[in-house]
Amino acid sequence: MFFYRILRNRTLMINLFFVLFLLSVLLNVFSLFYFRDRGILLAPLIYNSLIFLPWLLLLNGVKRNLSLLLLLCVVIFSAKRGAIFILVLEMFVLSWIAYRKRYLNRRIFVYLIGGVLVFVGLFCVASEYSDGYIVSRFQKDALLSGSGRSDINQYGMDAVSRMSSLKEFLFGYPLNSDVLNHFGGHNDWLTFFLSYGIVGVILYAFFYLNMLVRLFFLWKKNDMSLLIAYASLFIIMFMMSFFSTSYNPTLHPIIGMMFIGYTEANRIKKVVV
């Protein structure tokens with residue numbers, strides 16, 4: 001209802017999120033230098049900037065293009081493999097959507113090729129800046145270990161296999177159990193299974209199913225700006241659910257949920273009108 005009531009100030013609202021994005025970029029730049037001085041070449045808060053991508057896609061003209069370039073820079077220099085992978089995936093999937101819907105016609109290929117060239121150039125610069133650290137994170141051994149995520153996921157899978165009752169399988173382990181205290185997270189699906197059982201996993205899956213229904217609705221309505229923005233959010237949240245978090249009440253999931261609220265408000269507004 002909040003977004004439904006303020007849709008008349010759509011431009012003001014999108015600009016507000018643009019300012020919040022700039023603040024998140026400053027925070028990431030600060031964290032990059034802060035951790036670099038301590039021997040860590042990562043910007044762990046990068047998802048707080050990446051989640052603003054749907055809002056940035058609603059901007060117009062030069063502001064949108066410069067914002068996307070800034071996001072590309074900060075994501076690559078963050079050295080976070082998940083964020084880099086998501087942004088590359090976004091480039092190709094959103095270009096495919098634009099191509100299928102005949103949006104921008106052949107210019108979409110120019111943008112895609114240009115985006116790939118800019119990405120490769122920035123990746124090389126960032127790799128040189130980090131003395132090859134970013135490239136090393138994409139080597140086979142580093143990918144397999146996943147910065148410890150493989151061990152965490154294995155622990156979670158073992159904990160699922162050790163569920164000793166139907167109650168645990170359906171509703172998860174008790175909140176004060178040693179299993180939950182020792183599980184490191186970084187996978188929403190395992191987190192929901194251990195905390196809420198198969199019932200929680202099914203309900204969580206329905207959340208993404210509902211997002212797919214909304215994407216289909218936008219596809220049929222040919223609302224291109226909102227379709228591409230909402231598709232970008234789905235990609236971010238769904239991919240992050242496997243190696244980070246996309247639903248828990250930290251900052252970036254909240255920003256994502258706010259865009260869902262904005263999309264729903266637009267849908268309701270058009271139905272009422």
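Which residues form a nonpolar patch on the surface? In this predicted model, the patch consists of Leu16, Val19, Leu20, Leu23 and Leu26, which together present about 460 Å² of accessible area. One of these residues, Val19, is located in helix H2, a segment that covers residues 10-36. With a relative accessibility of 43%, Val19 is classed as partly exposed, because this category lies between the limits of under 20% for buried and over 50% for exposed residues.

A packing arrangement is found between helix H5, comprising residues 61-78, and helix H6, comprising residues 81-100, whose axes come within 8 Å and cross at roughly 145°. To this contact H5 contributes Leu71, Leu72, Val75 and Ile76, while Ala83, Ile84 and Leu87 are supplied by H6. When the contributing residues are sorted by class, the contact of H5 with H6 contains seven nonpolar residues, with no polar and no charged residues.

Ser244 is placed in the loop that links helix H14 (224-243) to helix H15 (251-272). The relative accessibility of Ser244 is 12%, and the residue therefore counts as buried, the cut-off for that class being under 20%. If residues up to four places away in sequence are set aside, Ser244 touches Tyr47, His186, Asn187, Asp188 and His252. As for Leu175, its separation from Ser244 amounts to 69 residues in sequence and to 21 Å in space, taken from C-alpha to C-alpha.

Notes. Residues numbered from 1 in each chain as written. Predicted model: local features only at pLDDT ≥ 70, side-chain atom pairs only at ≥ 80, totals over all residues. Heavy atoms only, no water. Axes fitted to C-alpha atoms, helices over the stretch in contact; angles between N-to-C directions. Helix = DSSP H or I, 4+ residues; strand = E, 2+ residues; numbered from the N terminus. Contact = heavy atoms within 4.5 Å. Nonpolar A, V, L, I, M, F, W, Y, C, P; charged D, E, K, R; others polar. Patch = residues over 30% accessible without salt bridge, like charges linked within 9 Å, V, L, I, M, F, W, Y side chains within 5 Å. Areas by Shrake-Rupley, 256 points an atom, 1.4 Å probe, with all protein chains shown as cover. Salt bridge = Lys/Arg side-chain N within 4 Å of Asp/Glu carboxyl O. Buried < 20%, exposed > 50% of the residue type's maximum accessible area, 1.4 Å probe, protein only.
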